[in-house]
Amino acid sequence: MAIKTLSAKNSAALDKDLMSVGAFSIDQLMELAGLSVSQAVYRTHPPSRGRRILVACGPGNNGGDGLVAARHLWHYGYKPTIYYPKQSKNDLYQRLSTQLKNLNIPFTDDFSTAVKETDHIIDAIFGFSFSGEVREPFPAVIRALEETRIPVTSVDAPSSWNIEEGPPKDGPGAKFNPEVLVSLTAPKPLVKYFKGRHFVGGRFVSPDIQKKYDLWLPEYEGIDQIVEVGNDGQKL
């Protein structure tokens, strides 16, 4: 049985409901998303496998999730480096960046060099709302993600993928399939094209919202913010 997924249209509507009916702020949702991503990285790439983590952040909410994840990973004992070439002027993103700078976490403009000096990469460039062409400076970054042998964890969607149709037919991202995917809130249709380890994260959905969107949600254990699932949606 195929895993039940959440469409692009419903993903956007659900986010609005979380912030209206659900009374969550964008700060809260981003914090919970980033925490989920950090736990997935810890689960799949414990510090014993290398502490250097390169976090590639886009200009939107997906990038914000990456900034939050980097902060948590620093507190777990990792050594994050941030690639954030199109930094948002929004106050929330500015505060998230300042929090990292206060921890002396380095920012880099040289992605190709940073890839050679890391043990794991977090792809927090584009999320479920991405569509169209990959714009500069990200084509070269996504090609590097395709070509590297360093394990990559993607946040909600492998960057350049269409939420419904998966990887592009050609161009940057056509051959990109990361080792780990963290689906936030609920899996999106693109998961049927994904071949790696799949986690669902985002332990904040109320029963009413789950019912409204007919969501499939895993059972979280203990203090975990993530659950690893198979292609059939069964917990691993």
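A salt bridge is taken here as a side-chain nitrogen of Lys or Arg within 4 Å of a carboxyl oxygen of Asp or Glu. The structure is a predicted model, in which local features need pLDDT of at least 70 and side-chain atom pairs count only at pLDDT 80 or more, whereas totals for chains, interfaces and linings use all residues. Residues are numbered from 1 along each chain as its sequence is written, and side-chain values use heavy atoms, with hydrogens and water left out.

By the salt-bridge rule the count comes to 9. Glutamate 31 pairs in this way with arginine 71, the closest N and O atoms being 2.9 Å apart. Because glutamate 31 lies in helix 2 and arginine 71 in helix 3, the pair ties together parts that are 40 residues apart in sequence; helices (H or I, at least four residues) and strands (E, at least two) are DSSP runs, numbered from the N terminus. Arginine 71 is buried, with a relative accessible area of 15%, while glutamate 31 is partly exposed at 27%, where buried means under 20% relative accessible area, exposed over 50% and partly exposed in between (1.4 Å probe, protein chains only).

Arginine 95 forms a salt bridge with aspartate 27, with 3.0 Å between the closest N and O atoms. Since arginine 95 belongs to helix 4 and aspartate 27 to helix 2, this pair ties together parts that are 68 residues apart in sequence. Both residues are partly exposed, the relative accessible area being 36% for arginine 95 and 30% for aspartate 27. The side chain of arginine 95 also meets that of aspartate 91 in a salt bridge (2.9 Å, N to O); these two residues, 4 apart in helix 4, are separated by about one helical turn.

Helix 4 (residues 91–102) has 12 residues that, at 1.5 Å a residue, should span 16 Å, and its end C-alpha atoms are 16 Å apart, which agrees; the expected span is 1.5 Å times one less than the number of residues. Leu92, Tyr93, Leu96, Ser97 and Leu100 are buried in this helix. Seen down the axis, the buried residues of helix 4 fall within an arc of 135°, so they line one face of the helix, the arc being that of the directions from the helix axis to the C-beta atoms. On the other side of helix 4, Asp91 and Asn102 are exposed. The cover over the buried residues includes helix 2, helix 3, strand 2 (79–83) and strand 3 (107–108), contact meaning heavy atoms within 4.5 Å. Just after helix 4, asparagine 104 takes a positive phi of about 60°.

In helix 3 (residues 61–76), tryptophan 74 is partly exposed, with a relative accessible area of 34%. Not counting residues up to four places away in sequence, tryptophan 74 touches Pro80, Leu103 and Ile105. The C-alpha atoms of tryptophan 74 and isoleucine 105, 31 residues apart along the chain, are separated by 8.1 Å.

In helix 1, Ser11, Leu14, Asp17 and Leu18 are buried. Viewed down the axis of helix 1, its buried residues fall within an arc of 125°, so they line one face of the helix, whereas Lys9 and Lys16, on the other side, are exposed. Helix 2 (26–44) and helix 7 (207–212) are included in what covers the buried residues of helix 1.
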